[in-house]
Amino acid sequence: MGLKRIFRISICISMLLIFSGKLHAQDDKTKIGIDQNSTQQGGYFNFGDKNKVNIEVNVLGYVRYPGKYLVPRGTTFQDLMAFCGGPTIDAKYDKIRLYRPKNDTLGIKQDKIIQLDYNDIFWEDKVNDAVTKSNPVLLPGDFLIFPGDQKLFFRDSIGIITSIASVLISLGILVLTISRSSGN
């Protein structure tokens, strides 16, 4: 009876895996994105397309999924921003930088930094026309850098204050205990 039950359970699990796609052989058009290649595996994300020329670009800083990305040639800044999960709340939207290193093959004679301001898109009611037109096409080796500041919220401030207060209270109790014991 127990062996039949184990057999049935294993059949059910196998069927679930087959229908969920885990045991299917991947075809050549499969794209591997964030869900299938997590940041714990070195931060490499494959959004490449087999039928196109792919390039590698890097995303650093205050984004949800920083790392190296394989994307089709012609991918824009906004496309890559969507691939990397977008900027975090700590990112400085007006100081996003696209670093384009020197590359003789592509005809880039010197390192170049393009500053992008997306503060209007994320936070303002009116969108500036210049911002919407600032969507450069990425080149191989580009680095997208999202600088930021870690913001402290009220709950973070309370945690810091209570930590300091508990240390001060402990020191006060220690001083009182030492002074009472030396007075005896």
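Predicted model: local features only at pLDDT ≥ 70, side-chain atom pairs only at ≥ 80, totals over all residues.
**Entry 1: a first pair**

I started with Glu 56 and Lys 68, whose side chains meet in a salt bridge, 3.7 Å from N to O. I looked up where they sit: Glu 56 belongs to strand β2 (residues 54-61) and Lys 68 to strand β3 (residues 67-72), so the pair links distant parts of the chain, 12 residues apart.

**Entry 2: the whole chain**

I stepped back to see what the strands belong to. I found 5 helices and 6 strands in the chain. Reading along the sequence, I wrote down the order as α-β-β-β-α-β-β-α-α-β-α.

Next I checked how much is tucked away. The chain has 184 residues, and 24% of them count as buried. I also noted an accessible surface of about 13300 Å², with 58% of that belonging to carbon and sulfur atoms.

Then I looked at contacts between residues at least 6 apart in sequence: 52% of these join residues at least 24 apart.

Another of them joins Lys 92 and Asp 149, with the closest N and O atoms 3.2 Å apart. Both ends are in loops: Lys 92 is between α2 (77-83) and β4 (96-100), while Asp 149 is between β6 (143-146) and α5 (154-183), so the pair ties together parts that are 57 residues apart in sequence. Lys 92 has a relative accessible area of 28%, which makes it partly exposed. Asp 149 is partly exposed as well, with 42%.

**Entry 3: Arg 100 and Asp 142**

I then turned to Arg 100 and Asp 142, where the side chains form a salt bridge at 2.8 Å, N to O. Arg 100 is in strand β4 and Asp 142 is in the loop between α4 (129-133) and β6, so this pair ties together parts that are 42 residues apart in sequence.

Why does Arg 100 count as buried? Its relative accessibility is 10%, and buried means under 20%. Asp 142 counts as buried too, because its relative accessibility is 1%.

Note on methods:
Residues numbered from 1 in each chain as written. Heavy atoms only, no water. Helix = DSSP H or I, 4+ residues; strand = E, 2+ residues; numbered from the N terminus. Buried < 20%, exposed > 50% of the residue type's maximum accessible area, 1.4 Å probe, protein only. Contact = heavy atoms within 4.5 Å. Areas by Shrake-Rupley, 256 points an atom, 1.4 Å probe, with all protein chains shown as cover. Salt bridge = Lys/Arg side-chain N within 4 Å of Asp/Glu carboxyl O.
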